[in-house]
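Trainee: I'd like to learn how to read a model like this one. Could you walk me through it?

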Amino acid sequence: MADVNEIKFDIKKEMVKDHLITGGTFACAGCNPVLGIRLVLVALGKNTIMVNSSGCMTLTATWPFTPYRIPWVHGAIENGGSVAAGILMGLKALKKDSNTHVVVYAGDGATYDIGFQALAGMVYRKEKIIYICYNNCQFANTGHQRSSATEKYARTSTTPPPIGNPLPRKNMAKIMALCGAEYSATASITNPFDFIKKLRKAATMKGSSFIDVLAPCEPGWVVEPWETLKAGNLMVETGMWPLYEIENKKFTLNYKPKMLPVVKALQMQGRYKHLTEQQVTEIQRTVINEWEMITKGRFWEAEEY
Ligand SMILES: Cc1ncc(C[n+]2csc(CCOP(=O)(O)OP(=O)(O)O)c2C)c(N)n1
Ligand code: SF4
Ligand SMILES: [Mg+2]
C-alpha cells in the first residue's frame, strides 16, 4: 500500500462526527495518552472493540462510570495481545470479524516489558489486530518507574540522578516487524494526521499491525499540563523520535524533522534536569548517527535513541 502521506484526510468532515470518548476521565490534565484514544476512535470509528492492559488508561473507565461509546475491555497488564486474540476468535465464530476493528491500547510497560510475550505471540500468529502502544516512556501508573521504553539517562523513580536510566530503549517497532507484524510504525500524538492515517492503513492489513505512539505524561516527564504537546513535538523535531513505517519489512520515513539541537527537548523536561554536558553531547551524537544511518539506507543497523 502507499506511503501514509498519500492517504487523504479531510479534517473538516472528521471533526463534526460524534466523539466516541467523552470528557470526564480520571486522567491528569494534559495527559497525551487520553488524547491518543480520541485519535484512535476518530480514525477507526464506532465499530471498534478496545482492549486495555493495566496502566493509567485503565482508570479512564472506573465503574460505574465510562467515557467510552464503544465496547472497552480491561484484561490484565500481561495479556493484551491474548485477550484481543480471544475477542477476534469470538467475532469470527459469529461471522462479525470483517467489519469490526479489534484494537489493543496498552502502555509501554505493558508492551515493551510485562505483556511482551502475549504481544509477540499475537503478531507471530498474524492475528488481524491493531496493537497500539501509548508510549509515555515509563510505568506511569505505579509511580513513574523505568520501562524498556525509557530513554537513556532519563530520570525515573527507579533510575534516579546522578546517572538516570543507564540503558537505551528497545527498538520496539523494528522488533515487531521482525516478529511478523505486517505493518509496524512509530507515531506521535503531536502529529495527529500522520497517526490517524497510520491507523487507517493498519485497518486495511490482513495480519497484525503495531503502532508505537509517543504520548507525553505531565507528571512523568515533569512538564506543565499545557506543555505536554510541546514536549512531544520537540522530541520529534530534534530527531529523538523518528516517524516511520515498516510494511512487510520495507522501511519508509514519513517525516523529515527540523533536526533542532537535542538540548531544546531535554531542557524543557524535568526528567532530564540532572544531565551533564557530557551526557547531552552523547545523546546528540547518538541521534546524529542514527539519522545518518536512516537517511543512507541503513535503517536496520541504526540504534535508536
Ligand atoms: C503482573 C502485573 N505486574 C504489575 C502490575 C502493576 N501495574 C499496574 S499498572 C502498571 C504500570 C503500567 O505501565 P504502562 O504499561 O507503561 O502504562 P502507564 O501506567 O504508563 O499508563 C503496573 C506496573 C500489574 N497490574 N500486574
Ligand atoms: S500519570 Fe501520565 S499517563 Fe497517567 S494519567 Fe497522568 S498524564 Fe496520563
Ligand atoms: Mg507507560
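Trainee: How do the residues of the shell around ligand 2 divide into nonpolar, polar and charged?

Mentor: Ground rules come with that one. This is a predicted model: local features need pLDDT of at least 70, side-chain atom pairs count only at pLDDT 80 or more, and totals for chains, interfaces and linings use all residues. Residues are numbered from 1 along each chain as its sequence is written, while chains are lettered from A and ligands numbered from 1 in the order in which they are written.

Mentor: Now the classes: Ala, Val, Leu, Ile, Met, Phe, Trp, Tyr, Cys and Pro count as nonpolar, Asp, Glu, Lys and Arg as charged, and the others, Gly among them, as polar. On that scheme the shell around ligand 2 has eight nonpolar residues, three polar and one charged.

Trainee: Which residues are around ligand 2?

Mentor: A residue is near a molecule or strand if its C-beta atom, placed from the backbone, lies within 6 Å of it. For ligand 2 the list includes the cysteines Cys28, Cys31, Cys56 and Cys217, along with Glu218, Pro219 and Gly220. Helix H8 (residues 218-221) gives the largest share of that shell, three residues. As for the labels, helices (H or I, at least four residues) and strands (E, at least two) are DSSP runs, numbered from the N terminus.

Trainee: And which residues come nearest to ligand 1?

Mentor: Gly55, Gly107, Gly109, Ala140 and Asn141, out of 17 around it. Ala140 and Asn141 are also listed around ligand 2. By class, the ligand 1 shell holds seven nonpolar, eight polar and two charged residues. Its largest share, four residues, is from helix H4 (residues 108-114).

Trainee: Let's zoom out. How many helices and strands are in the protein chain?

Mentor: Eleven helices and eight strands. The radius of gyration is 18 Å, close to the 19 Å that the globule rule gives for 305 residues, so the chain is as compact as a globular protein of that length. (The radius is taken over C-alpha atoms, and the rule is 2.2 Å times the number of residues to the power 0.38.) The C-alpha trace spans about 60 × 45 × 40 Å along its principal axes.

Trainee: What share of the residues counts as buried?

Mentor: The cut-offs use C-beta atoms placed from the backbone: a residue is buried if 20 or more others lie within 10 Å of its own, exposed if 12 or fewer, and partly exposed in between. Here 49% of the 305 residues count as buried.

Trainee: How should I read a pair of packed helices?

Mentor: Two packed helices are described by the angle between their axes and the distance between the axes. Axes are lines fitted to C-alpha atoms, for helices over the stretch in contact, and angles run from 0 to 180 degrees between N-to-C directions. Take helix H3 (residues 80-93) and helix H5 (residues 116-124): their angle is about 40 degrees, with the axes 6 Å apart. That makes H3 oblique to H5, since angles under 35 degrees count as roughly parallel, over 145 as roughly antiparallel, 65 to 115 as roughly perpendicular and the rest as oblique. Among the residues making the contact are Gly80, Gly81 and Ala84 of H3 and Ala118 and Gly121 of H5. The contact residues divide into five nonpolar, four polar and no charged. Two residues are in contact if their C-beta atoms, placed from the backbone, lie within 7 Å.

Trainee: Is Leu243 buried or exposed?

Mentor: Buried, because it has 21 C-beta neighbours inside 10 Å. Leu243 sits in the loop between H9 and strand S7 (244-247). Leaving aside neighbours within four places in sequence, its contacts include Thr186, Val236 and Tyr255.
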